[in-house]
Amino acid sequence: MAAASPPASRPGSPALAPWEERFTSYDVEAFEVPRGREEQWRFTPLRRLHGLHDGSATADGEVEFTVRSGFGDSASDDLGGVRVEHAERGDARLGDGGVPADRVAAQAWSSFTTATVVTVAQARSDDEPLTVQVEGPGVGKTAFAHLQIRLERHAEAVVVVDHRGSGTVAANTELVVADGAKLEIVEVHDWADDAVFVGAQHLSVGRDATIRYTSVTLGGDLVRLSPVVNYRATGGDVQLDGLYFADGGQHLEHRLLVDHSVPSCRSNVMYKGALQGADGDTAAHTVWIGDVLIRKEAEATETFELNRNLLLTDNARADSVPNLEIETGEIVSAGHASATGRFDDEQLFYLMARGIPEEQARRLVVRGFFGEVIHKIRVPALRDRLEAAIEAELEVVGA
């Protein structure tokens, strides 16, 4: 079904890609109110969304975006040619990444006041990451937000989008990467305990463009992320990595769609999660849905997806559903894997046999489990912060 208003023929916007044949719309009323039985929503505790899904949530706060060059203590306001603009809803650039595919994303589109657009026109040094600080509206407040990060032809950038604070937020994030450009982006969700965040991430990949997207989810009461990869031309290369750590009572949900709609593109997905809950807590719950579709016209595709979950206590539940649909036999490779389990007894035995106490051995296993994701992040100060955060998580129940 075609997308609803605004039309696909808007000046400055590319034609709709084949993945948008599934129902998409900018109009919130085009979607039925979720009841929890729909495939898209069957794992999500709707009562904890504070009305984002049924139209009863009204904006009474704002999300604050701050863009700086560098990360942490070394960050500065000198952006070195990067443009930061506030765009109205009618701006022709908005929607280049993709169209909302669920009611909350459409609600966020219909309700944001102004969008923040960050444009990178040239290659930036790896030593100069951009940081986009996203601050929630505050305790008891609700806000809707829209962020677009654009890389022009052959531009390169490392970007950290750092989410913090309190409140209830629905948001769309667009990553528009033009031909030959390279974007490495890390989205960190380190919300306060009360926060609810439901976000749709729209990844638009140009000819021979590269996106390395890493999602790190640690904080918040409920966080639901739905990245969609939209290949615009041949040669696109996308890596989706994820790290999440859920404590008792947290609901962390990741729903991915990689839609191979054009030939000769690549994708690789690797998400790793750990869960723990103290006795008497509501169970920690994580959901990972990995959908990969290879359409009949997408010959010479290469794709693989992997999800691993480590249960540290009994009071935890991980749902993992990888889906791979192939409509052509003319591909290079395709596969998927998923596993959920407890500590590897052989690893623990190996460490303890060398004099390492059991508690310390368990910590080493968890650090190694997440290390494959963390070590890919090319921002040293962020790696240090994430390692410290994981250590703090392990202190919660003494894992």
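This note sets out numbered points on the structure shown above.

1. Basis of the model. The model is predicted, so local features are reported only at pLDDT of at least 70 and side-chain atom pairs only at pLDDT 80 or more, while totals for chains, interfaces and linings use all residues. Residues are numbered from 1 along each chain as its sequence is written, and side-chain values use heavy atoms, with hydrogens and water left out.

2. Overall architecture. The protein contains four helices and 18 strands; these are DSSP runs numbered from the N terminus, a helix being H or I of at least four residues and a strand being E of at least two. The radius of gyration is 20 Å, close to the 21 Å given by the globule rule for 399 residues, so the protein is as compact as a globular protein of that length. That radius is taken over C-alpha atoms, and the rule is 2.2 Å times the number of residues to the power 0.38. Along the principal axes, the C-alpha atoms fill a box of roughly 65 × 50 × 50 Å.

3. Burial, contacts and surface. Of the 399 residues, 56% count as buried, where buried means under 20% relative accessible area, exposed over 50%, and partly exposed in between (1.4 Å probe, protein chains only). Among contacts between residues at least 6 apart in sequence, 84% join residues at least 24 apart; a contact means heavy atoms within 4.5 Å. The accessible surface comes to about 16000 Å², and 47% of this belongs to carbon and sulfur atoms. Areas come from the Shrake-Rupley method with a 1.4 Å probe; for residues, only the protein chains shown count as cover.

4. Helix H1. Seven of the nine residues of helix H1 (residues 103–111) are buried, so this helix is largely enclosed by the rest of the structure. Among the buried residues are Arg 103, Gln 107 and Trp 109. The buried residues of H1 pack against strand E5 (142–151), strand E7 (168–177) and strand E9 (196–205). At the start of H1, a side-chain oxygen of Asp 102 reaches to within 3.0 Å of the backbone nitrogen of Val 104.

5. Val 196. This residue lies in strand E9, and Val 196 counts as buried at 1% relative accessibility. Leaving aside residues up to four places away in sequence, Val 196 touches several residues, including Arg 48, His 50, Thr 168 and Asp 221. The C-alpha atoms of Val 196 and Glu 62, which are 134 residues apart along the chain, are separated by 14 Å.

6. Positive phi values in loops. Asp 208 has phi near 55°, a positive value in a residue other than glycine. Asp 208 sits in the loop between E9 and strand E10 (210–217) and is partly exposed at 49% relative accessibility. Ala 300, likewise not glycine, has a positive phi near 65°. Ala 300 is placed in the loop between strand E15 (284–294) and strand E16 (302–311) and is partly exposed, with a relative accessible area of 30%.

Definitions and conventions. Polar contact = N/O pair within 3.5 Å; in protein donor to acceptor, adjacent residues only side chain to side chain.
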